[in-house]
Amino acid sequence: MDGKRDTILFKLFGSSVSYMRRCLFSVLSVGPVPNHLAFILDGNRRYAKKWNLGEGMGYRAGFLSLMSLIKYCYELGVKYVSIYAFSIDNFRRRPEEVQCVMDLMLEKIEGLLREQTLVNQYGVRVYFIGNLKLLHEPVRLAAEKAMKATSNNNNSILLICVAYTSTDEIAHAAQESCEDKWALIRSSVNEENDANDVIKLSDIESHMYMRVAPDPDILVRTSGETRLSNFLLWQTSNSLLFSPKALWPEIGLRHLVWAVLNFQRAHPYLERRRKQP
Ligand SMILES: CC(C)=CCC/C(C)=C/CC/C(C)=C/COP(=O)(O)OP(=O)(O)O
């Protein structure tokens, strides 16, 4: 009997919290709502150390925060969410640590395909962004399956950057643009070459992994760090940078609200910067 009463009370509490959050979001939506939020998930290992947790538990706690935050973003009306889940440099960490993150990713991507809760609820299309060849084979296959399974969704977009660095993305885009240009030159070898036949910025942009999303409005990096660590260097020249002291697993609604309020205050200036040629 007590158990049943506790469950009812717990559900009631849960729905009033969610009602209050929605009220808060309605008030926030009076101002401009960011279209694209990007996150650097920093401080998972420090969190595990701080709470004397076993290796890997920091990442698991980080994954839970990630799910809540993505949900809040979509509830608020943000269409694009990008996360820096694993950089190419992270492959240089101890093999057991790399394996631990790969195992977690595999488990969660497979879970997402089985349960599809967040994905179904918000109609999320998932992209894995980066040099996917570098991923452990089972993770790469699961990532490709998840992209295919969600390819018809277009309400919300989730970009998971794995085996990613900005410099790798730019080098890859430059190389593909050169290959395209060469193919064009070779096919018109007998025709007069156009003197303006150079590689343009728009050519490179059309080959970037992130071409499927507009530039982020806000970039959040947790744990008080203010470096970009090779994340979205091409795309963040006019983004608001927000760096709360909280470690990634500690991030919550209040940090999101504060980031959005800061964005709304800076919005007229950011818009002017964007419109400048
Ligand atoms: C399916 C999916 C997208 C899973 C993502 C899981 C997750 C939370 C990955 C974070 C990985 C990572 C290397 C974070 C950097 O923090 P850090 O470990 O470098 O922390 P530190 O700054 O304390 O050393």
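Student: Which exposed residues are on the face of α7 turned away from its buried side?
Tutor: Trp182 and Arg186. Exposed means over 50% relative accessible area, buried means under 20%, and partly exposed is in between, using a 1.4 Å probe and protein chains only. Before we go on, this is a predicted model, where local features need pLDDT of at least 70, side-chain atom pairs count only at pLDDT 80 or more, and totals for chains, interfaces and linings use all residues. Residues are numbered from 1 along each chain as its sequence is written, and side-chain values use heavy atoms, with hydrogens and water left out.

Student: OK, and which residues of α7 are buried?
Tutor: Ser166, Glu169, Ala173, Ser177 and Lys181. Those cover an arc of only 100° around the axis, so they end up on the same side of α7. The arc is taken from the directions from the helix axis to the C-beta atoms.

Student: Why would residues a few places apart point the same way?
Tutor: An α-helix has 3.6 residues a turn, so residues three or four places apart point the same way.

Student: What do the buried residues of α7 pack against?
Tutor: They pack against β4 (156-164) and α8 (201-205). Contact here means heavy atoms within 4.5 Å. The helices (H or I, at least four residues) and strands (E, at least two) are DSSP runs, numbered from the N terminus.

Student: Switching to α6, which of its residues are buried?
Tutor: Val139, Arg140, Ala142, Ala143 and Ala146. Looking down the axis of α6, these buried residues fall within an arc of 165°, so they line one face of the helix. On the other side of α6 you'll find Lys145 and Lys148, both exposed. The buried ones pack against α4 (95-115) and β3 (124-129).

Student: What about the ligand? Which residues come nearest?
Tutor: Out of 17 residues around the ligand, those are Asp42, Arg45, Arg46, Ala85 and Arg93. To be near, a residue needs a heavy atom within 4 Å.

Student: How far is the side chain of arginine 93 from an oxygen atom of the ligand?
Tutor: An N or O atom in that side chain is 2.6 Å from a ligand oxygen. For arginine 45, a polar side-chain atom is 2.7 Å from an oxygen of the ligand. With asparagine 44 it's a backbone N or O atom, 3.0 Å from a ligand oxygen. The protein covers 93% of the 640 Å² of accessible area that the ligand has on its own; areas come from the Shrake-Rupley method with a 1.4 Å probe, and for residues only the protein chains shown count as cover.

Student: Last one: what's the phi of alanine 163?
Tutor: Alanine 163 has a positive phi of about 50°, although it isn't a glycine. Most residues other than glycine have a negative phi. Alanine 163 is in strand β4 and counts as buried, at 0% relative accessibility.

Notes. A polar contact is a pair of N or O atoms within 3.5 Å; within protein, one must be able to donate a hydrogen and the other to accept it, and residues adjacent in sequence count only if both atoms are side-chain atoms.
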